[in-house]
Amino acid sequence: MRWMRIFVFVIPMLGVVVYRHYQRSGSEVAAAGLVENSFAPSWSSNEQVVSPMEERLKQEPGNAKANAMLGQAYLQRARESGDPGYYSKAEILFERALKAEPRSIEAMLGKASLLMARHNFHEAQDLAMKAVETNSDVVAPYGILADAFVELG
């Protein structure tokens, strides 16, 4: 009976030890890698953009492209967080970018997107049309125009 108790205890323990040292097959390793890599470290890559862009703008406040990029990042933050305070920050950056470079497509698109978010559809339509006139090869203004036309009926 004593041997039976030892076997009942030892055999499962040996099974656990063998299982832990068991080599996984290549497909198991690949599947585990896919699962690990399927989730981003952060649910938004926007978080990785904002801080470096803020630092860059401290050094180059008149950089139109950097202002427009940070403005777009703030627009995305407003969408993600539901905090409309980011709209004001984005507006300042788009205005600064347009002041530095009045023909900046990035700034026009960003400001038009902001206007759409604020339901200023007529102004967004006008700015998107200006962006098309500036460079008709850029396709993004057409999406804003389509959205504005739909909202305006």
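Asn-63 touches Arg-56 and Leu-57, leaving aside residues up to four places away in sequence; contact here means heavy atoms within 4.5 Å. Before going on, the conditions. This is a predicted model, where local features need pLDDT of at least 70, side-chain atom pairs count only at pLDDT 80 or more, and totals for chains, interfaces and linings use all residues. Numbering starts from 1 along each chain as its sequence is written, and side-chain values use heavy atoms, with hydrogens and water left out.

Asn-63 sits in the loop between helix H3 (46-59) and helix H4 (64-81). Helices are DSSP runs of H or I, at least four residues, numbered from the N terminus. Its relative accessibility is 15%, so Asn-63 counts as buried; the term means under 20% relative accessible area, with exposed over 50% and partly exposed in between, using a 1.4 Å probe and protein chains only.

The side chain of Asn-63 makes a polar contact of 3.1 Å with that of Glu-60. That term is a pair of N or O atoms within 3.5 Å; within protein, one must be able to donate a hydrogen and the other to accept it, and residues adjacent in sequence count only if both atoms are side-chain atoms.

Glu-60 is partly exposed at 36%, and Glu-60 also forms a salt bridge with Arg-56, closest N and O atoms 3.7 Å apart. A salt bridge is a side-chain nitrogen of Lys or Arg within 4 Å of a carboxyl oxygen of Asp or Glu. The structure holds five.

Another one joins Glu-95 and Lys-111 at 2.3 Å, N to O. Glu-95 lies in helix H5 and Lys-111 in helix H6, so this pair ties together parts 16 residues apart in sequence.

Note on methods:
Helix = DSSP H or I, 4+ residues; strand = E, 2+ residues; numbered from the N terminus.
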